[in-house]
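Have a look at the fold first, and then we will go through it together.

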Amino acid sequence: MRIHLIIFLFASAIALNAQDYGTFRGTVKDKNTLEPLIGASVILRLDPSFGTAANINGHFSLQLQRGSYTFLITYTGMKSDTISFRIDPGQTVERHILLEPFVSQLQGVEIKVGKFDKPIEEMTVSMEIIKARLIESKNTQNIQTILDYVPGLNILDSEPQIRGGSGFTFGVGSKVAVFVDDMPMLSGDAGRPYWDFVPVENIEQIEVIKGASSVLSGTSAVSGAIHIRTAMPGIKPVTKITAFTGGYTSPGDRSQKWWDDYPYIAGANFLHTRKINNLDLVLGGNLYFDHGYIGAPRADSTVYDQSHNFDDSRMATQKARLNFNIRKRSAKYQGLNYGINGNMMYQHAPINLAWLNDTSGFFRGYPGAVFLQDQFITNLDPYINYYSQVGFKHSLKARILYNNNHQSNNQDLKSTFVFADYNFRRDYNFLQGLEFIGGLSTQYSFVNATMYAGDGNDINRFLNVSGYGQIENNFFKTLTLSIGLRLEYYNMNGHESDFQPVVRAGLNLRLLKETHIRLSYGQGYRFPTIAERYIRTNVGTFGVFENPDLKPERSWNAEVGVKQGFKFFNYFGYLDIAVFQQEYSNTVEYLFGFWDSTFSTLGGAGFKFLNTGHSRVIGADISVTGAAHLAEKSTLRTMLGYNYIIPVTLDPDYVYATDIREKEYSYETTSVDPAGNILKYRFLHTLKGDIELEVHSFSLGFSAKYFSKIMNLDKAIEDFENTTLLAGGTVQPILYMDYFYTNNNGQWIFDIRASYRINDHHQVSLLSNNFTNNIYSLRPLKAEPMRSVMLQYVLKI
Amino acid sequence: MRRPLLLLNLSILLFPLLFYGQQIDNPGFEAWEDITSILKEPVNWSTIKTADDPYIASVAPVTFEQSIEARTGDYALKLYNVNAFGIIATGAITNGRFHAEFNIDNSYAYTDTTDLQWHQPFTWRPDSLAGWFRFYPQDNDICQFKVILHVKEAKMPEFGTLPNWVGMAQFRSEPGVTYDNWTRFSVPFEYFQDINPRYLLCVINSGDSISAFADSWLLADDLELIYEPSGINDPVAQEPFVRIHHHFLTIELANASDYLNHWFTLTDLSGRIIISDQLSSNRVALPVHMNRGMYIATLQGYDKKRTQKIMIH
């Protein structure tokens with residue numbers, strides 16, 4: 001019996017008369033692990049445009065007319081298999097195919113990514129991948145720390161920057177979309193990533209799309225998108241417990257050490273996955289304590305306001321998180337699965353906006369610039385998927401997420417975020433293998449916060465509805481073309497709305513066996529968040545003012561790239577080079593000025609989100625990823641990436657605002673160094689690398705990051721320093737410019753790790769991040785962590 | 001405590017006083033006091049750093065300092081304009097107090113009649129305001145010295161207190177003109193009412209309060225209220241309380257029996273204290289040896305203060 005689910009958005013299935021056909025069906029699995037090879041190709045050798053792909057369970061099914069057939073079974077990274085048979089009407093031919101990995105070629109490098117489950121070398125966009133192995137081996141407790149190793153992606157104090165596409169706005173209005181299993185992970189009020197909420201113990205891989213990609217990633221993806229994918233249970237049940245302990249070491253300059261106790265970090269992750277008949281279960285969680293490397297504010301004794309000197313113990317981070325995934329694979333209706341995922345977390349954490357000073361107070365907070373947050377967040381994600389026997393997939397996913405932030409400085413917030421996405425995908429074999437993906441997506445945010453009363457009410461609502469579609473086809477196994485369209489509709493508080501189409505197009509040409517050239521063009525679009533438009537609050541002496549006239553940001557990205565697979569002795573890898581140009585309009589920046597005299601601030605002074613005009617980023621990415629089998633049970637894995645950008649404003653003299661004193665605000669007047677038109681808070685050169693050598697049960701890893709100096713920043717920081725110094729000691733001076741001029745010469749950060757696998761169940765590791773104990777800052781006024789040393793134990797059953 | 005005699009000059013001839021009258025307290029900015037552990041203000045003067053809103057006072061920029069480039073004595077007052085976020089904070093000081101609000105348009109200097117710390121009682125009617133200054137303006141900036149004599153409360157700008165003003169003297173330098181040497185100014189008082197004032201409110205600025213320029217700076221020293229005998233219209237003129245005869249300075253309280261509550265101070269025009277002592281009887285004779293010049297004698301009682309000018313030839 002055929003089941004019809006939901007709706008067809010852009011296409012319809014072809015009715016088949018079963019009496020004229022026979023059925024070829026079976027499964028495709030990994031020979032070693034017996035894992036289903038989702039998306040494995042089952043294609044007719046004489047006509048590669050005809051075939052199908054294995055579904056989430058590894059099942060495939062084709063209706064065939066009478067005749068003899070030879071099918072190729074292929075999967076990236078696996079040796080292909082060939083199946084020949086004859087079929088008659090009404091007959092069923094069943095084959096269970098086990099593919100064997102290529103152990104000598106690119107193992108661990110080739111992976112399938114994106115919504116089309118394409119091999120990465122066939123992608124038409126630039127994408128970087130981080131696999132679970134690296135995440136585990138670096139004792140990743142916060143997803144930001146691992147993302148910071150992705151070439152071209154920098155995490156600047158929790159704010160993702162891709163290819164210099166954004167500056168720094170205290171995390172508000174992320175220009176990078178973040179998803180976990182296709183569910184958005186940006187807060188509904190401020191577009192701030194919920195990094196701590198990501199179940200790091202169960203990540204299968206992370207895909208970072210570089211460049212504007214709003215067609216498939218939606219709003220916020222004006223400079224890129226991050227897709228985090230979690231793992232589902234394998235054939236065998238797995239229980240994994242990771243316990244870790246360690247701490248920070250003292251800074252080299254002992255005057256910067258502020259603690260008297262032991263600055264420890266400790267915690268544990270657990271994960272249990274198993275299949276019970278047709279039920280897939282994942283249960284995970286995390287307990288985490290971090291003493292903190294930044295101490296509570298301590299104002300100088302001459303400072304008038306001493307009210308922000310709270311106890312150091314409150315600067316610790318405490319987190320408890322529990323998540324589950326339940327998936328039921330229907331036994332009755334093949335290809336149907338449904339389930340529900342859930343996650344909940346409580347966290348107490350400080351938010352540090354500025355350091356006390358650039359010397360002895362490097363690792364202390366600035367009075368009034370440290371907020372304490374108690375957060376409870378939980379979500380439930382029901383979903384249903386159907387993979388049909390004729391090559392299409394329906395997917396309906398939904399989310400309800402509740403977030404309750406109790407934050408000092410009267411910045412409490414409660415929000416409810418509802419998301420739903422219907423996705424349809426089909427491979428049209430009769431159309432030369434054309435693949436289509438399309439869907440309808442909606443998200444609704446309901447936010448209750450006094451600080452967002454700029455529209456006259458503590459309650460704000462934001463609605464986003466979008467429809468999207470993309471077609472992709474591979475011609476002669478050589479040329480892949482894709483084109484996509486997204487239509488976005490936004491409505492804020494019922495009276496601010498906008499409609500916007502965005503497009504993308506891409507091409508991937510396989511010149512040689514391992515040489516792929518890609519061209520792509522993509523657009524990005526981001527509607528301002530509730531916070532950017534309607535925030536109205538005080539931060540110490542200053543205000544943060546609403547800007548209801550804030551316009552949406554737009555961007556486009558064009559690039560040409562080449563991916564070359566290569567072999568060098570026993571090293572198999574990919575060299576990827578991309579040259580790109582990105583342009584942004586209505587760029588949103590967070591700027592200090594004298595905006596509103598009606599608010600109780602010093603002369604109307606404070607911050608406001610403003611559209612600052614047009615900008616352009618031209619640059620290049622180079623990355624080399626690969627592995628070498630050096631000897632029996634000896635493997636070397638490497639990942640290296642370099643990113644160079646020239647980020648410039650196209651409107652240096654454009655006056656985008658005038659304050660209450662009639663002062664005009666432009667790039668020229670708000671920049672510390674406007675000479676080269678370089679955008680603020682950008683690293684022109686970044687280098688990221690990781691190398692790991694595994695010999696039998698031992699492994700050694702080494703990571704390096706380099707950030708060149710920030711060329712330009714807001715002049716307000718210099719003004720803050722000058723003004724606070726003028727106060728004669730009654731205000732804590734904000735000190736940065738000396739650090740900027742004397743220490744802002746580029747930063748190298750090195751991590752090392754060593755592990756020993758005792759047996760299949762036990763592994764111990766010793767890790768040190770920033771092991772040279774470099775005392776450094778990336779974004780102005782924020783100290784990065786000093787050296788930490790951790791001992792990790794993993795029990796895997 | 002009696003201060004030691006500073007100079008001995010036997011050639012000095014001492015003559016009885018020629019002029020007398022109340023003066024601005026600490027007119028030569030010689031005496032300074034701590035307002036924080038690292039910040040000093042001239043005694044009897046107040047800046048934005050001791051304004052009535054302590055929070056705003058704490059965040060406000062310092063626009064003054066003790067200068068050793070004095071015309072006379074050890075110190076002068078330096079006021080300067082600073083640029084804070086594009087706003088020009090003008091160097092300003094008053095012998096009253098500043099009222100500060102986040103909205104600068106609502107800020108002013110005022111006499112706090114309820115607190116002796118923030119006002120100077122003053123009942124005379126001087127003829128002129130004089131003083132010495134050096135000024136280094138930026139662009140067309142000016143410096144200003146302004147004194148109002150008033151009854152009841154008063155503010156500057158006036159904020160509706162103009163009916164309480166008895167008289168005013170104001171000096172404004174020429175726009176953009178640099179006064180590289182110590183320059184004396186003298187401006188007459190204009191009287192609005194034929195009554196004696198109760199208070200004196202003085203404000204000094206190192207810039208135009210409406211359109212000041214950053215980095216203009218001013219040195220001020222030796223403020224003086226001039227009382228020309230022929231010109232003084234002083235209906236409540238007082239008898240002198242100090243006389244000089246030979247090498248003795250005699251302080252006499254005519255009808256005072258509470259002499260122990262009176263404190264006598266003799267300063268030169270720079271504000272430097274020559275003698276400071278509590279009276280031990282209602283007639284005290286002190287030996288003095290001083291250079292020729294003008295001195296200010298002050299007798300601070302429990303509830304009133306008297307000032308007298310002494311000229312030694």
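In which sense do strand β1 (residues 22-30) of chain A and β4(A) pair, and over how many bridges? The two strands pair in the antiparallel sense, over six bridges. Strands here are DSSP runs of E with at least two residues, helices are runs of H or I with at least four residues, and both are numbered from the N terminus. Two strands count as paired if DSSP finds at least two bridges between them.

Before going further, a word on the source. This is a predicted model, in which local features need pLDDT of at least 70 and side-chain atom pairs count only at pLDDT 80 or more, while totals for chains, interfaces and linings use all residues. Residues are numbered from 1 along each chain as its sequence is written, and chains are lettered from A and ligands numbered from 1 in the order in which they are written.

**Strand pairs**

Strand β1(A) also pairs with strand β7 (residues 92-99) of chain A, in parallel and through eight bridges. In chain B, β3(B) runs antiparallel to strand β4 (residues 76-80), joined by four bridges.

| Residue | Partner | Strand of the partner |
|---|---|---|
| Thr23(A) | Gln63(A) | β4(A) |
| Thr27(A) | His96(A) | β7(A) |

**The overall build of chain A**

Chain A has seven helices and 44 strands. Its C-alpha atoms fill a box of roughly 95 × 60 × 45 Å along the principal axes. The radius of gyration of chain A is 27 Å, which agrees with the value near 28 Å that a compact globule of 797 residues would have; the radius is taken over C-alpha atoms, and the globule rule is 2.2 Å times the number of residues to the power 0.38. Of the 797 residues, 48% count as buried, that is, with 20 or more other C-beta atoms within 10 Å of their own, C-beta atoms being placed from the backbone.

**Two domains in chain A**

Chain A is divided into domain 1 (18-99) and domain 2 (112-494 + 506-796), with bounds from an automatic or database domain assignment. Their C-alpha centres lie 40 Å apart. The contact between them takes 17 residues from domain 1 and 18 residues from domain 2; residues are in contact if their C-beta atoms, placed from the backbone, lie within 7 Å. On the domain 1 side, β3 (51-53) and β4 (59-64) of chain A each give two or more residues, and β3(A) gives the most, with three.

**Where chain B meets chain A**

Across the chain interface, 20 residues of chain B are in contact with 20 residues of chain A. On the chain B side, α1 (54-59) and β5 (82-84) each supply at least two residues, and α1(B) has the largest share, four residues. This side has 14 nonpolar, five polar and one charged residues. Here Ala, Val, Leu, Ile, Met, Phe, Trp, Tyr, Cys and Pro are nonpolar, Asp, Glu, Lys and Arg are charged, and the others, Gly among them, are polar.

**A sheet in chain B**

Chain B also holds an open sheet of five strands in the order β3-β4-β18-β11-β15, paired antiparallel. Its edges are β3 (64-67) and β15 (179-188) of chain B, each with a single partner strand, so one side of each is left without a neighbour in the sheet.

How values were computed
Contact = placed C-beta atoms within 7 Å. Buried ≥ 20, exposed ≤ 12 C-beta atoms within 10 Å, placed from the backbone.
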